[in-house]
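User: Please walk me through this structure in short questions and answers.

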Amino acid sequence: MENSRRSFIKKVTVAGIGTAGIALNSTLSASEDTKTSEPQTKKPAGKDDGKLRFGFIGTGSRCREHINNVIAIPGNKIVAICDIKQSALDNTLKHIARFNVAAPKTYTGSERAFEQMLNNEDFDCVIIASPWEWHVPMSVAAMKAGVPYVGVEVSAANTVEECWDLVNVSEATGNQLNIMENVCYRRDCMAALTMVRQGLFGELLHGGCGYQHDLRDVKFNDGVNYNYKKGGELRMGPTAFSEAQWRTQHSVTRNGDIYPTHGIGPVANCMDINHGNRFLSLSAMATQSRGLHKFIVDNGGERHPLAKLRFNLGDIVTSMIKCANGQTIIVTHDTNSPRPYSLGFRIQGTEGLWMNDGEHVYVQEQSNPHRWDSSEEWFKKYDHKLWSTLDAAAREAGHGGMDYIMMYDFIDAIRNKKRAPMDCYDAAAWSAISGLSEMSIARGGAVVDFPDFTRGQWINRQPTFAL
Ligand SMILES: NC(=O)c1ccc[n+]([C@@H]2O[C@H](COP(=O)([O-])OP(=O)(O)OC[C@H]3O[C@@H](n4cnc5c(N)ncnc54)[C@H](O)[C@@H]3O)[C@@H](O)[C@H]2O)c1
């Protein structure tokens, strides 16, 4: 099975022609390199009953949110799911049963059971919602196994090398990688993007964004509940629950912006990154690390075993990026301190700006001089068409509707064999902030060069996101 599949993919890759999925896509720009051309499918999308065949790897809480939307959007079915934990599979099967659809096959038993699933099943799309350290091995395996569309949760990759792996394998196989960056579909972000595209803010100068989310009660819990409850047991690692099992360890071993894409994705779309613009260089600095240790001591006392642990992650990490077209962007990572949630967006140009904190918009000649307008009225006027069309259905879905809109757009690409809305180059450029900020911090804030993951294509690539 393994060999015949590999040789099939090799043949298709070398020939570059052959299956129904390879017809040229009219939505791709003629100037684009063939490396970003049509995905090479093993079988046409949804061949037997016309339904798109989905698989999921990592069936925790995020996976179940994706499942809601895959089932809510007509024309899809879930063929197989994989997790190392039987309990996660059981919960997900129960979750799926509520929709009165056929139960998928399950794969488990080892850390590499996903390879067996990829070899045994035919998919139109596999979605990966596993711990960060598994994103790239799983994405690479799925693309190499001939899955034409692979959706990977955020961040897509942890190191610059992993970013290259995503690009190289997507290019070599012709299979599409989509980073599932739902914040790009947030209603205010899409309205701001519409305003940018219609020139309301003039030529863009500067962006601000960040993941500013007090995660202390997610990084530790009692092994049963998702959030830590005061007075409860304080755990991280294998005996904890959900993200506290794996996410917290990244704060022990790493010091950089380890979760950059919720912030940078929408800003990159506004600034046409990889489509006429690109990130050139980055410099990052981190504060001292205090919040997680303090949380342990405040809740578990000085003698708690975890109080001995040294955390490497600075509580607030600030990265500054320079773009080829002149803009600067400040990206913040701030997850260990008490604070209300904010992604802190700022999109500023020669004619005005949007600032998400305070819900402010200012447009020269239209706003009262030196006074903020509320963004609400502006965003009603410039509501993106995906939102105005899908509003009712999206409202019922999670995360304020952006997850539904994202899945709708991704499924539209799969069904119509279009390029992934947020492709391997976006996944790589946005996620590379992690590895580059770690390098820069380790060198006292030194400026590090951003790789050009498009290998020069950025100059001629046309924007395709949410046109
Ligand atoms: N975009 C968003 O808004 C958003 C929200 C939450 C989580 N996420 C992302 O989604 C991903 C999953 O997060 P989560 O909250 O569901 O975490 P989780 O810990 O609840 O789920 C992860 C699942 O992966 C399984 N797993 C681990 N190693 C595996 C392996 N080798 N093979 C198969 N399964 C394996 C675990 O058993 C677990 O069931 C993360 O990357 C996270 O950053 C994104």
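Predicted model: local features only at pLDDT ≥ 70, side-chain atom pairs only at ≥ 80, totals over all residues.

User: Which residues come nearest to the ligand?

Analyst: A residue counts as near a molecule or strand if its C-beta atom, placed from the backbone, lies within 6 Å of it. The shell around the ligand holds 25 residues. Those that come nearest are Gly58, Gly60, Arg62, Ala88 and Glu153.

User: Which element gives the largest share of the shell around the ligand?

Analyst: Helices (H or I, at least four residues) and strands (E, at least two) are DSSP runs, numbered from the N terminus. Two elements give two or more residues to the shell: helix H2 (61–72) and helix H5 (132–144). The largest share is three residues, and it comes from H2.

User: How do the shell residues divide by class, and which domains do they come from?

Analyst: Ala, Val, Leu, Ile, Met, Phe, Trp, Tyr, Cys and Pro count as nonpolar, Asp, Glu, Lys and Arg as charged, and the others, Gly among them, as polar. The shell has eleven nonpolar, eight polar and six charged residues. Domain bounds come from an automatic or database domain assignment. At least three shell residues come from each of domain 1 (2–181) and domain 2 (185–387 + 423–459).

User: How are H2 and H3 oriented to each other?

Analyst: Axes are lines fitted to C-alpha atoms, for helices over the stretch in contact, and angles run from 0 to 180 degrees between N-to-C directions. The axes of H2 and helix H3 (residues 86–97) lie 11 Å apart, at an angle of about 20°. Angles under 35 degrees count as roughly parallel, over 145 as roughly antiparallel, 65 to 115 as roughly perpendicular and the rest as oblique. So H2 and H3 are roughly parallel.

User: Which residues of H2 and H3 meet?

Analyst: Two residues are in contact if their C-beta atoms, placed from the backbone, lie within 7 Å. H2 brings Cys63, Arg64 and Ile67, and H3 brings Thr92, His95 and Ile96. By class, this contact of H2 with H3 has three nonpolar, two polar and one charged residues.

User: Are H10 and H15 roughly parallel or oblique to each other?

Analyst: The axes of helix H10 (residues 261–270) and helix H15 (residues 424–442) come within 9 Å. They cross at roughly 130°. H10 and H15 are therefore oblique.

User: Which residues make the contact of H10 with H15?

Analyst: By class, the contact has five nonpolar, three polar and one charged residues. H10 gives Thr261, Ile264, Gly265 and Ala268. From H15 come Asp426, Ala429, Trp430, Ser431 and Ile433.

User: What residues meet between H4 and H5?

Analyst: The axes of helix H4 (residues 113–120) and H5 come within 10 Å and cross at roughly 20°. That makes H4 roughly parallel to H5. Phe114, Glu115 and Leu118 in H4 meet H5 residues Met138, Ala141 and Ala142.

User: Where is the cis peptide bond?

Analyst: Ser155 lies in the loop between strand S5 (149–152) and helix H6 (160–173). With omega near -20°, the cis bond runs from Val154 to Ser155.

User: What is the phi of Asp272?

Analyst: Asp272 sits in the loop between H10 and strand S8 (279–286). Asp272 is not a glycine, yet its phi is positive, at about 55°.

Terms used:
Residues numbered from 1 in each chain as written.
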